[in-house]
Amino acid sequence: MINTITILGGRSRSGIPEAVERIDLKMGDVVSIVGPTGSGKTTLINDLELFADANTQTGRRVLINGERPPLEYRDNPAMNPIALITQHTTFLSDLPVVDFLTAHAGIRAVKKSQIDEMIQKTLDFANQLTGEPIVLTSRMTELSGGQTRALLIADATIICNTPIVLLDEVENAGINRTRAMELLREYRKVFIFVTHDPRIALLSDYRIVMQGGSITKVLYTNEEERVFSLKVSKLDDLLSAMRDKIRFGERLTTHELEGLA
Amino acid sequence: MKLAICAGPATTGKTSVLRHMIRKLQDAGDQVAFLKIDVQFAEEDEIFAKEFGIPTRKVYSGELCPDHCNVMVLGDALQWAEKSGANFLLVETAGLCLRCSPYVDGGLGMIVVEATSGTNLPFKIGPMLSLADVAVVTKIDRVSQAEREVFRSRIQDVAPNVKVREVNALYGIGIDPLVDALHNQVDTWDKMLLRGNPPVGTCTICVGKKEIGWQAHFGVVRSLENQNFYRGE
């Protein structure tokens, strides 16, 4: 059983040793990776996927439970530790939702009886993130953007057995992010958000800051930020309420911001 | 000389995968030569020559089946790569035929397939998949984790001995183990054999003569340097 995944620092593109020498990702951690475009987020993901052992361009090493994972981990794609959801990720299948989830649960479940339970859990999870509930008989291709995103996250969390679920800039996906962050905490996995959304960053346990190809610091969400995150969420909700008004052809007034006081 | 032969349907990302491999081989100090085999149009040779300053060539198979053309010219191509000072030859095939496979014993056989091509693809592509050493799955960021896992398990169902490597060819994620596999590849030798049995037919290759190099064949053949010519009675 995997309890921790450790990243041991390597060096930046210019050869300077990474400021952060060691990060222990513990099951249950909710983490954000922040940094401008080109700061090295993709190579960090590469290092994790390959269980780097000072054999990638960054020189980083990845340990499982404090030890070097066996080579089989790297060679067996079923051991790939990351379930990846990006802005481009989608379902291609046009099967009904229930058939689709059955096919996926079928390669994961040990007993047939587990399949129905997995599907129900996945559906319940997804429906808490999206405004419009997903119906098991509808076709995958009929799902809305928000429903698709919600189901991607639910499926990766409940049916996949990867220790890490990585969500790459999924903030504009039309899902309830605060609820998502609450629900994810009930699962024994590491959730990594590549993000520049203040709401997600402040609801994370800590954020890994990247620049010029290396990890420059790890910022734990402090008490001040934790309290402030409520206001950030509020502001974010107000903005999304304003978006809805624009969408439905209404006018905006200065009253929109009154809830913020 | 170490050899890799890369097959896979059009637009799956063969060129992108090879680009990252060439870059990583060069970083490791290796000398790479590149051969592209296609039916009637290809520009990867010019692109790679410009991008990496390596010796490259292309062959248009024209009336020949491209995998057939590969058998014909590969012997010459290995000598050409040797003369060019390379210690690695990467061959990118046209990847059209789902009945043949271009892999040879003594070379790393790579098939590049895209996760976006639907979870039934592994059932459809036959020896191009089952006779490969490694199946490289691209565009993994485009499909759900569910489809990625179903795709992977179906490759393993139809080709249990083929290693599966999931990559993001856009960013070069997951490429390093392919480069390692090529480094660990045995050196090529004379009289290498095509790995699979071609379909029933009447040409020397189709009837089962699998020796590499046009010198071993009769009928309409071609060398790397010449167009098709007739050899025999």
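1. Start with helix α5(A). This helix, residues 145-158 of chain A, lies across β5, β6 and β7 of chain A. Its direction runs at about 180 degrees to β5(A). Axes here are lines fitted to C-alpha atoms, for helices over the stretch in contact, and angles run from 0 to 180 degrees between N-to-C directions. Helices (H or I, at least four residues) and strands (E, at least two) are DSSP runs, numbered from the N terminus.

2. A word on the basis. This is a predicted model: local features need pLDDT of at least 70, side-chain atom pairs count only at pLDDT 80 or more, and totals for chains, interfaces and linings use all residues. Residues are numbered from 1 along each chain as its sequence is written, chains are lettered from A and ligands numbered from 1 in the order in which they are written, and side-chain values use heavy atoms, with hydrogens and water left out.

3. Now the sheet in chain A. It is open, with 6 strands in the order β5-β6-β7-β3-β8-β9 and mixed pairing. β5 (82-85) and β9 (214-220) of chain A are the edge strands; each has a single partner, so one side of each lacks a neighbour in the sheet. Neighbouring strands are turned by 20 degrees against each other on average, direction ignored. Two strands pair if DSSP finds at least two bridges between them.

4. β5(A) and β6(A), residues 164-168, run parallel and are joined by 4 bridges. Within this pair, Ile85(A) stands opposite Leu167(A).

5. Helix α1(A), residues 41-49, also packs on the sheet. It touches β3 (30-34), β5, β6, β7 (190-194), β8 (206-211) and β9 of chain A. Contact means heavy atoms within 4.5 Å. The direction of α1(A) makes about 145 degrees with that of β5(A).

6. α1(A) is largely enclosed by the rest of the structure, because 7 of its 9 residues are buried. Buried means under 20% relative accessible area, exposed over 50%, partly exposed in between (1.4 Å probe, protein chains only). Among the buried residues are Lys41(A), Asn46(A), Asp47(A) and Glu49(A). Just after the helix, Phe51(A) takes a positive phi of about 45 degrees.

7. Ser229(A) sits in helix α8(A), residues 223-247. Its relative accessibility is 6%, so Ser229(A) counts as buried. Leaving out residues up to four places away in sequence, Ser229(A) touches Leu202(A) and Leu203(A).

8. Turn to chain B. It has 7 helices and 9 strands. Its C-alpha trace spans about 60 × 40 × 30 Å along the principal axes. Buried residues make up 59% of its 233 residues. Of the contacts in chain B with a separation of 6 or more, 72% are between residues 24 or more positions apart.

9. Which residues touch the most other members of the largest nonpolar core? They are Leu3(B), Leu89(B) and Ile111(B), in a core of 47 residues. Such a core is a set of buried Ala, Val, Leu, Ile, Met, Phe, Trp, Tyr and Cys residues joined through side-chain atoms within 4.5 Å. The largest share, 9 residues, comes from α3(B).

10. Leaving aside neighbours within four places in sequence, its contacts include Ala7(B), Tyr103(B), Met128(B) and Val136(B). A second, separate core has 40 residues, including Ala105(A), Ala109(A), Leu123(A) and Leu183(A).
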